Amino acid sequence: MTQRPTFTEADIPRILAELTLAEKASLCSGQDFWHTQAIERLGIPAVMVTDGPHGLRKQAGETDHLGLNASVPATCFPSAAGLASTWDPELMVRVGEALGRETRANDVAVLLGPGVNMKRSPLCGRNFEYFSEDPHLAGELATALVRGIQSQGVGTSLKHYAANNQETDRMRVDARVDERTLREIYLPAFETVVRRAQPWTVMCSYNKVNGTYASQHPWLLTQVLRKEWGFEGLVVSDWGAVDDRPAGVAAGLDLEMPSSFGINDARIVAAVEAGELDEADVSTAAARVLRMVARSLPALAKPGSVDAEAHHALAREVATRTAVLLKNDDGALPLDLDSSAGSVVLIGELARTPRYQGAGSSQVNPTRLDSMVSALAERGLSIPFHPGYRLAEADVPGGAGAADDRTDDQLREDAVAAARGRTAVLVLGLPAADESEGFDRTHADIPASHRALLHEVAAVAERTVVLLANGAAVALAEWESQADAILELWLGGQAGGSAAIDLISGDVAPSGRLAEAIATRLTDIPAQLNFPGENGVVRYGEGLFIGYRGLDAMAAEVSYPFGHGLTYTSFGYSDLAVETLEVTETTEASDAVVRVSLDVTNTGPRAGVAVPQVYVGRPASALARAPRELRAFARVELAPGERSTVRLELTRRDLSHWDVRRHDWVVEAGPLVVAAGASSRDLPLQAEVDLAAPSAPIPLTAHSTIEEWLNHPEAGPALLAQVEELGAMLDPDGADAATAAFLGAMPIVKVPMMGLSQAFTVETLEHLLGRFGEHERPGATEGGASA
Ligand code: BGC
């Protein structure tokens with residue numbers, strides 16, 4: 001093996017001084033699909049970056065973007081939809097450490113993930129790769145995952161920044177999002193991870209955000225990411241996301257991936273030579289690439305090794321924790337598989353040919369693969385298996401099901417006959433062709449063949465247990481009453497099959513909770529009105545109201561609420577205590593403002609994990625608000641009868657909204673409802689408290705209303721002093737309240753124009769504006785038009 005050249009961060013100023021402009025430009029793009037540019041004359045090596053979030057996809061030999069060459073074997077963990085359902089940051093650290101070890105051992109500097117885009121619609125083709133519809137939950141879990149990976153001396157790439165919430169037209173669609181929605185829903189998960197874990201890299205998305213490509217968006221890449229959040233790492237483009245490379249360099253896009261075969265390097269040089277791009281910006285980008293390379297060299301020099309068996313065991317443990325027990329009538333689960341094996345039948349090709357990961361750039365070549373059928377055999381249990389339906393050829397390349405030439409009808413009939421009078425464990429789910437990177441789903445249904453099978457099996461079976469394998473939520477309302485129990489397994493990774501048997505046998509109790517609400521009808525989801533957009537534009541017209549926020553605001557029925565998940569025991573919630581501290585001018589964003597404590601008791605017969613959740617609502621708010629928003633959660637393991645006190649803190653930031661007039665986070669004073677319990681719709685504990693906060697005056701302009709001027713602590717009295725007669729007309733408690741309301745809503749600039757007051761001239765207005773006014777500022781994303 002040749003010795004890799006090496007340098008440290010301390011060498012970067014010297015190296016920069018020695019680099020030519022062309023060399024600096026060349027560092028700003030990849031050498032090929034997966035490597036940074038080497039500059040041999042200065043001892044700068046190329047390092048590899050590669051996918052993906054839940055396992056390493058490193059192509060062996062020649063590399064290409066389409067993954068035509070097989071990848072090296074790596075542990076395939078459950079994808080993010082499942083990881084999020086654990087609600088367990090500590091577990092995320094352990095998964096991250098394992099991913100980091102594999103990355104390092106395979107000579108890779110940066111693992112390209114995790115993805116923290118919000119699940120705006122359940123139909124987004126990449127929802128399996130994303131955590132949640134809730135920014136708090138996604139931010140907490142992704143922070144832990146990034147910390148775990150980076151603890152191994154390799155980097156991560158937080159992606160896809162920003163507003164990449166669909167696959168339809170993903171390479172150019174313009175996501176039009178208003179400023180408050182961006183700040184409160186689509187950016188916070190990125191912000192949390194950046195502020196708390198400093199990912200080595202952030203990957204910009206393909207799409208435009210309010211008219212400007214994310215890859216050349218100064219407001220996103222520099223103003224927000226670096227200046228506000230303090231990002232210290234490198235911004236890399238999604239693969240092929242660059243549109244105007246010099247504009248990207250100026251905006252803060254450091255590294256273009258993959259290589260653009262010198263085309264964009266030449267454009268950077270030409271732009272500098274033409275005086276259109278500052279060479280200092282090129283140097284900054286090149287320095288950031290050098291820093292990323294330098295940071296990775298110590299770990300890559302000592303790659304270590306991977307214990308594939310230990311990682312498989314971890315993948316199995318994690319998969320047991322990702323599963324969500326949606327329903328379990330009359331304790332249908334767990335099954336005593338050892339003593340009642342003869343009365344149980346396993347049905348569904350997915351039990352033999354598992355669907356354990358999603359399609360696209362995150363596809364891992366697993367070190368081994370457990371199916372439910374093989375896991376049963378490994379336990380020495382001979383439970384009869386019937387495929388029940390066929391999978392598409394693409395899902396079973398050379399698999400056992402491929403050789404079976406029975407039709408769907410024949411397979412179903414055989415399975416139904418075997419289920420008669422028995423407990424049927426039915427594995428249903430989404431075929432790979434239904435969800436993938438690159439396109440969105442057009443519906444949320446599992447295949448008709450799966451539904452028909454369930455219908456007929458449930459009619460003859462003693463009990464029917466449904467296990468679901470899918471990356472994004474599926475519609476359940478039409479058929480769920482036919483099942484006694486439903487266990488949502490998501491895409492469980494390479495050990496998902498054995499984990500499923502661990503769960504149904506009761507060796508392990510389910511502990512997952514939904515990280516996304518399962519709507520009864522797609523049409524109840526406000527975002528569906530504008531999904532996936534048209535003519536290259538998608539307008540996020542539902543604003544803040546995605547996921548449970550929208551469903552709750554519309555009081556829509558849900559199949560299962562956000563946060564829901566059963567286990568083999570039950571819990572009681574009691575003794576909620578809420579203490580508020582006054583918010584003052586000096587309260588920091590991370591300071592605790594509300595302290596919550598509550599007791600959780602295991603009221604059932606078995607040990608189990610409770611996930612108490614705390615939601616906040618602002619009933620008297622002057623703003624559009626979701627009825628409640630998740631602000632804190634915990635994970636508590638309890639023995640039968642055990643009781644535990646959970647203490648959680650809500651910070652100033654947790655209680656703030658984004659004020660579009662001040663372009664800042666603001667706490668609204670007034671009543672606050674703190675609700676706690678087992679899901680967003682099961683909140684037995686509630687307390688209403690009053691939150692004291694300074695009433696920050698809004699910036700006044702000529703277009704602020706008379707009422708807004710009067711409400712301002714200094715400008716109000718000054719205005720009244722100028723125009724006493726107007727004051728009498730404006731007194732809401734005076735003789736003419738209707739006139740007061742009418743005038744109060746009028747922009748102050750109209751007063752002289754409409755001759756409302758002799759004393760209030762254009763000069764009076766200018767005088768007041770000079771003392772109290774602000775320039776009217778543009779809105780959301782200065783890189784482009786606001787939505
Ligand atoms: C995907 C990214 C991925 C990259 C490299 C892109 O198409 O959007 O998530 O990291 O390819 O494979």
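What follows is a chat about the domains, cavities, salt bridges and one surface patch of a predicted model.

Student: How is the chain divided into domains?
Tutor: The model is predicted. Its chain is split into domain 1 (23-301), domain 2 (315-551), domain 3 (571-691) and domain 4 (706-772).

Student: How far apart do the C-alpha centres of domain 3 and domain 4 lie?
Tutor: Those two centres are 41 Å apart.

Student: Cavities next. How many of 30 Å³ or more does a search of the whole structure find?
Tutor: The search gives 9. The largest cavity holds about 160 Å³ of space.

Student: Which residues are closest to the centre of the largest cavity?
Tutor: M372, L489, G492, G496 and G497, out of 19 residues that line the cavity.

Student: And which elements give two or more residues to that lining?
Tutor: α12 (308-322) and α16 (496-504). The most comes from α16, with 4 residues.

Student: Switching to salt bridges. What does the count come to?
Tutor: The count is 52. In one of them, the side chains of E23 and R41 meet at 2.7 Å, N to O. E23 sits in helix α2 (residues 21-27), while R41 is in the loop between α2 and β1 (48-50), 18 residues apart.

Student: Does E23 count as buried or exposed?
Tutor: E23 counts as buried, because its relative accessibility is 16% and the cut-off for buried is under 20%. R41 counts as exposed, at 52%.

Student: What does D552 form a salt bridge with?
Tutor: With R628, where the closest N and O atoms are 2.8 Å apart. D552 lies in helix α17 (residues 547-553) and R628 in the loop between β23 (613-617) and β24 (629-633), so the pair ties together parts that are 76 residues apart in sequence.

Student: What is the relative accessibility of D552?
Tutor: It is 9%, so D552 counts as buried. R628 is partly exposed, with a relative accessible area of 23%.

Student: What about E629 and R631, how do their side chains meet?
Tutor: In a salt bridge, at 3.4 Å from N to O. E629 is buried at 11% relative accessible area, and R631 counts as buried at 14%. Elsewhere, salt bridges with shared partners join D88, R94, E317, R321 and R635 into one network.

Student: Last topic, the surface. Which residues form a nonpolar patch there?
Tutor: M753, M754 and V762, with about 310 Å² of accessible area together. V762 belongs to helix α23 (residues 762-772). V762 counts as partly exposed, because its relative accessibility is 36%.

Definitions and conventions:
Residues are numbered from 1 along each chain as its sequence is written. This is a predicted model: local features need pLDDT of at least 70, side-chain atom pairs count only at pLDDT 80 or more; totals for chains, interfaces and linings use all residues. Side-chain values use heavy atoms; hydrogens and water are left out. Domain bounds come from an automatic or database domain assignment. Patches are made of residues with over 30% relative accessible area and no salt bridge: like charges are joined within 9 Å, nonpolar side chains (Val, Leu, Ile, Met, Phe, Trp, Tyr) within 5 Å. Accessible areas come from the Shrake-Rupley method with a 1.4 Å probe; for residues, only the protein chains shown count as cover. A salt bridge is a side-chain nitrogen of Lys or Arg within 4 Å of a carboxyl oxygen of Asp or Glu. Buried means under 20% relative accessible area, exposed over 50%, partly exposed in between (1.4 Å probe, protein chains only). On a 1 Å grid over the protein atoms alone, a cavity is a set of points where a 1.4 Å probe fits but cannot get out, and a pocket is an open set with protein on both sides within 12 Å along at least five of seven lines; lining residues have an atom within 4 Å of a point. Grid points are joined across faces, edges and corners, and a volume is the space filled by probe spheres set on the points.
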